[in-house]
Amino acid sequence: MSADITTPAVAEYLLLIEPRKDLSDAITDIKKAFYDQYKAPEALKGKPHLTLVNYKQYTSFESRIVQKLRTVSMQITPIAIDLQDYGSFPSHTIYINVASRSTVQNLVKNIRTHLQGLMKMDKDNKPHFIMEPHITIARRLKPWQYEQGWLAYSHQSFAGRFIANAMVLLRRETPDQKYELVNRFEFQGMAVGASQAMLF
């Protein structure tokens, strides 16, 4: 049989930043509490993270994308991420706000500039570059879950800060699978000392 009739493998990818462990654990506790109160199963899914890009692509492109992300990450200095209180996407998602938005947006723009072409599978499957940085507490909420949850969380406060030293690329081949690690990209920019000094 000819090999060229097989369908090329496609996967769903997530490029993201993970908070340090103690902050991640604290956010996981908030997600669990949200589930306990509103029985929203999505609150229990996945570790806390800040999505930079999600996209679908043929797995044959993976090594080229990894190589390009490695090149980009070598030029990026570690960035301070400030988390402040809660926000929402009416009427389905409640999240923790990223106060240092412009820093993350600049990182996403940098990635888009260098990788938009490689991450685009076809005209129906374009990469989603996340320009509203956030850490999701719960999504895909039913109207009553959102209304009651947002009524409560809009009056609550949250504060956290961490230095993002890397971004992580994850992959899954079907929507019911868990994401698995493809690669981790350390930010290796040379101006770390200078940027740290500006972080008050």
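Trainee: Is Arg-140 buried or exposed?

Mentor: Arg-140 counts as exposed, because its relative accessibility is 57% and the cut-off for exposed is over 50%. Its backbone is worth a look too: Arg-140 has a positive phi of about 55° although it is not a glycine.

Trainee: Why point that out?

Mentor: Most residues other than glycine have a negative phi.

Trainee: Which other non-glycine residue has a positive phi of about 55°?

Mentor: Lys-39 does. Lys-39 is in the loop between α1 (21–38) and β2 (50–58). With 49% relative accessibility, Lys-39 counts as partly exposed.

Trainee: Back to Arg-140. What about Thr-93, which touches it?

Mentor: Thr-93 belongs to strand β4. Leaving out residues up to four places away in sequence, Thr-93 touches Gly-87, Ser-88, Thr-136, Ala-138, Arg-139, Arg-140, Leu-141 and Tyr-146.

Trainee: Is Thr-93 buried or exposed?

Mentor: Thr-93 counts as buried, because its relative accessibility is 6% and buried means under 20%.

Trainee: And how far is Thr-93 from Ala-11?

Mentor: Their C-alpha atoms are separated by 25 Å, and the two residues are 82 residues apart along the chain.

Trainee: What does β4 pair with?

Mentor: Strand β4 (residues 93–98) pairs with β3 in the antiparallel sense, over five bridges. The two form a hairpin with three residues between them. Ser-91 is in that loop, and the peptide bond from Pro-90 to Ser-91 is cis, with omega near 0°.

Trainee: Which other strand is joined to β3?

Mentor: Strand β7 (residues 159–164), which runs antiparallel to β3 (residues 79–89) and is joined to it by six bridges. For example, Gln-84 has Ala-159 of β7 as its bridge partner, while Leu-83 has Val-98 of β4.

Trainee: What else does Leu-83 touch?

Mentor: Beyond four places in sequence, its contacts include Leu-23, Ile-27, Ile-96, Ile-135, Phe-158 and Phe-162. Leu-83 also belongs to the largest nonpolar core, which has 49 residues. Phe-34, Leu-52, Leu-83 and Ile-111 touch the most other members of that core. Helix α3 (residues 101–119) supplies the largest share of this core, seven residues.

Trainee: Let's zoom out. How many helices and strands are there?

Mentor: The protein chain has five helices and nine strands. The chain is as compact as a globular protein of its length, because its radius of gyration is 18 Å, close to the 16 Å that the globule rule gives for 200 residues. Its C-alpha trace spans about 60 × 45 × 25 Å along the principal axes.

Trainee: What share of the residues is buried?

Mentor: Buried residues make up 42% of the 200. The chain exposes about 11,300 Å², with carbon and sulfur atoms supplying 52% of that area.

Trainee: Where does the pLDDT stay under 50?

Mentor: Over residues 192–200, for which the model has nine contacts beyond four places in sequence. Where pLDDT is low, the predicted coordinates should not be read in detail. For the protein chain the mean pLDDT is 91, and 92% of its residues reach 70 or more.

Notes. Residues are numbered from 1 along each chain as its sequence is written. This is a predicted model: local features need pLDDT of at least 70, side-chain atom pairs count only at pLDDT 80 or more; totals for chains, interfaces and linings use all residues. Side-chain values use heavy atoms; hydrogens and water are left out. Two strands pair if DSSP finds at least two bridges between them. Helices (H or I, at least four residues) and strands (E, at least two) are DSSP runs, numbered from the N terminus. A nonpolar core is a set of buried Ala, Val, Leu, Ile, Met, Phe, Trp, Tyr and Cys residues joined through side-chain atoms within 4.5 Å. Buried means under 20% relative accessible area, exposed over 50%, partly exposed in between (1.4 Å probe, protein chains only). Contact means heavy atoms within 4.5 Å. The radius of gyration is taken over C-alpha atoms; the globule rule is 2.2 Å times the number of residues to the power 0.38. Accessible areas come from the Shrake-Rupley method with a 1.4 Å probe; for residues, only the protein chains shown count as cover. pLDDT is the predictor's confidence in each residue, from 0 to 100.
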